[in-house]
Amino acid sequence: MGWSGIELYYTPGSPHCRAVLMCIKALELDVDLIKLDMYQKYEHKKPWFVKMNPQHTVPTLNDNEYILWESRAILCYLVNKFGSSCPKKSQLYPTDPEMRANVDRLLYFDTGTLYKNIVDYFHPQLMSGEEADERKANALKQSLEYIDLFLEKTSYCAGPQLTIADFSILASVTQLEGMDYKITAYQNLFAWVEKLKSELPYYEDCNSAGIEMFRAWAKSKNKSYDSKGK
């Protein structure tokens, strides 16, 4: 397969990058993966990258000079552009208005509730050595309870089939593994995570090394953070 002209700038430890990597695999795209060292060399702050993406965030997509960042926007873009010719691939971001709205709802839930609560709870412990905040801990638990509830009625987050909402939420939830936070008490959520781990042939390649990289980084920042889950 020849070079497609698509580049993805990423770091394996980022859940947002892991979500996009899974989407790329699902769509069977030929993408040049360019790994950035954000922790030691601070490559995301180099002038050439800031010129490309003024927010200097990953993942950043370069599709033949079209530059896009924000992982959930990238997920939507990739399926819209490269999934339409194949029904199995196009269902990752359905064209039916109601089905698509369900996917969008879960993407917004991830960015505005689930992942936000993960960051709100763990970031002060990791970066400032603060004590665990009980209110933030409860907000995270509530987010996980919501997903557990969503999955009572459907096999996947947004309905009966795999969508990009699953990639996004799976990446966020499995980031908790890097902090040894247990989700076994959320039976539907835990079963869904385990199902996708075995069902997606690319799960291991897209996620395992990144989760371990994040685990090592988290331990280096604060060895005593509160990882109590359920």
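**Entry 1: the model.** I am working from a predicted model.

**Entry 2: strand S1.** I began with S1, which covers residues 6–10. I asked how many of its residues are buried. The count is 5 of 5, so I put the strand down as mostly covered, taking buried as under 20% relative accessible area. Next I looked at which way the side chains point. Ile6, Leu8 and Tyr10 point one way from S1. Glu7 and Tyr9 point the other way. I noted that Glu7 is buried along with the rest of the strand.

**Entry 3: neighbours of S1.** Which strands pair with S1? I found S3, residues 60–63, running antiparallel to S1 and joined to it by 4 bridges. In that pairing Glu7 stands opposite Asn62. I also found S2, residues 32–35, paired with S1 in the parallel sense over 4 bridges. Here Tyr9 stands opposite Ile34.

Entry 4: I followed the chain from S1 to S2. Helix H1, residues 15–27, takes part with these two strands in a β-α-β unit. I recorded its hand as right-handed.

**Entry 5: the core.** I then turned to the largest nonpolar core, which holds 72 residues. Which members touch the most others? They are Leu78, Ile164, Phe167, Leu189 and Trp192. Helix H5, residues 97–128, gives the most to this core, with 10 residues. In soluble globular proteins, nonpolar side chains tend to be buried together.

**Entry 6: Phe167.** I listed its contacts, leaving out residues up to four places away in sequence. Phe167 touches Ala19, Met22, Cys23 and Ala26, among others. Leu92, Leu162, Leu200 and Tyr202 are also on the list.

How values were computed: Residues are numbered from 1 along each chain as its sequence is written. This is a predicted model: local features need pLDDT of at least 70, side-chain atom pairs count only at pLDDT 80 or more; totals for chains, interfaces and linings use all residues. Side-chain values use heavy atoms; hydrogens and water are left out. A nonpolar core is a set of buried Ala, Val, Leu, Ile, Met, Phe, Trp, Tyr and Cys residues joined through side-chain atoms within 4.5 Å. Buried means under 20% relative accessible area, exposed over 50%, partly exposed in between (1.4 Å probe, protein chains only). Contact means heavy atoms within 4.5 Å. Two strands pair if DSSP finds at least two bridges between them. A crossover is right-handed if, with the strands pointing away from the viewer, the path from the first strand over the helix to the second runs clockwise.
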